[in-house]
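Work through these exercises with the structure open beside you. Try each task before reading its solution.

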Amino acid sequence: MNQPHRHSVSVAGVIIDDQGRALLTQRRDNGHWEAPGGILELEEDITSGLLREIREETGLEVEPVTLTGVYKNMARGIVALVFRCKVIGGKLVETDEARSFKWVTADEVQSLASQAFGIRVLDAMQGGSIPAIRHHDGVHLLRSEDPRQPQQ
């Protein structure tokens, strides 16, 4: 983001299997473990962008189940919309963007992912009825002023 006072919007899908585990992808560019996703293209609607990003990174076809959280990277001006998803087709394949995959429990998420990205997966795994609203600096959560949100 080179333009001041602008935001970008990203989407991510926390894919949950029949055993309640979430799929994490290991990014090729930085080695971090995260839910698959990325920046929306200007002409894309939210759902189309979500489906495209997940297919590009995993080879899976998914169905979004619910919005589980909205997260803002305060340092970079990126607003992320995160959805719990279920697999409806496709096959996991390594891609240009993801070099490895793991189906993980909530405890494993905390040991693999940074706080800022792990909380997205944990929020989706918990499946509350109200989407979480959180802010972070790219690595750590920042204190929320929203009294409905638990403090980290």
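**Exercise 1.** Find the residues that Glu34 contacts, leaving aside neighbours within four places in sequence. Then decide whether Glu34 is buried or exposed.

*Solution.* The model is predicted.
- Step 1: Glu34 lies in strand 3.
- Step 2: list the contacts. With neighbours within four places in sequence left aside, Glu34 touches Leu23, Leu24, Thr25, Arg27 and Phe117.
- Step 3: judge the burial. The relative accessible area of Glu34 is 10%. Buried means under 20%, so Glu34 is buried.

**Exercise 2.** Describe the sheet that has the order 3-2-7.

*Solution.* 
- Step 1: the sheet is open, has three strands and pairs antiparallel.
- Step 2: strand 3 (33-34) and strand 7 are the edge strands, and each pairs on one side only.
- Step 3: strand 2 and strand 3 are joined by two bridges.
- Step 4: Trp33 in strand 3 stands opposite Gln26.

**Exercise 3.** Work out the strand order of the open sheet of six strands, and say what packs on that sheet.

*Solution.* 
- Step 1: the order is 4-1-6-5-8-9, and the pairing is mixed.
- Step 2: its edges are strand 4 (37-39) and strand 9 (141-142), each pairing on one side only.
- Step 3: strand 5 (residues 60-73) and strand 8 (residues 132-136) run parallel, joined by five bridges. Tyr71 stands opposite Arg134 in strand 8.
- Step 4: helix 1 (residues 46-58) packs on this sheet. Helix 1 touches strand 1 (8-15), strand 4, strand 5 and strand 6 (78-90). The directions of helix 1 and strand 5 make an angle of about 110 degrees.

**Exercise 4.** Examine helix 1 from end to end: its start, its span, its buried residues and what follows it.

*Solution.* 
- Step 1: helix 1 has 13 residues. From first C-alpha to last it reaches 18 Å, close to the 18 Å expected at 1.5 Å a residue.
- Step 2: the buried residues are Gly49, Leu50, Arg52, Glu53, Ile54, Glu57 and Thr58. Residues three or four places apart in an α-helix point the same way, because there are 3.6 residues a turn.
- Step 3: these buried residues pack against strand 1, strand 2, strand 4, strand 5, strand 6 and strand 7 (98-104).
- Step 4: Gly59 follows helix 1, with a positive phi near 85 degrees.

**Exercise 5.** Which residues touch the most other members of the largest nonpolar core, and which element gives the largest share?

*Solution.* 
- Step 1: this core has 18 residues, and Val14, Tyr71 and Val121 touch the most other members.
- Step 2: strand 1, strand 2 (22-27), strand 6 and helix 3 (115-126) each give two or more residues. Helix 3 gives the largest share, four residues.
- Step 3: take Val14. Beyond four places in sequence, its contacts include Ala22, Ala35, Val82, Phe83, Val121 and Ala124.
- Step 4: keep the second core separate. That core has 13 residues, including Ile54, Leu60, Val62 and Phe101.

**Exercise 6.** How many of the twelve residues of helix 3 are buried, and does the span agree with expectation or differ from it?

*Solution.* 
- Step 1: nine of the twelve are buried, so helix 3 is mostly covered. Among them are Phe117, Arg120, Val121 and Asp123.
- Step 2: the end C-alpha atoms of helix 3 are 16 Å apart. At 1.5 Å a residue, twelve residues should span 16 Å, so the two agree.
- Step 3: just after helix 3, Gly127 has a positive phi of about 65 degrees.

How values were computed: Residues are numbered from 1 along each chain as its sequence is written. This is a predicted model: local features need pLDDT of at least 70, side-chain atom pairs count only at pLDDT 80 or more; totals for chains, interfaces and linings use all residues. Side-chain values use heavy atoms; hydrogens and water are left out. Two strands pair if DSSP finds at least two bridges between them. Contact means heavy atoms within 4.5 Å. Axes are lines fitted to C-alpha atoms, for helices over the stretch in contact, and angles run from 0 to 180 degrees between N-to-C directions. A nonpolar core is a set of buried Ala, Val, Leu, Ile, Met, Phe, Trp, Tyr and Cys residues joined through side-chain atoms within 4.5 Å. Buried means under 20% relative accessible area, exposed over 50%, partly exposed in between (1.4 Å probe, protein chains only). The expected span of a helix is 1.5 Å times one less than its number of residues. A polar contact is a pair of N or O atoms within 3.5 Å; within protein, one must be able to donate a hydrogen and the other to accept it, and residues adjacent in sequence count only if both atoms are side-chain atoms.
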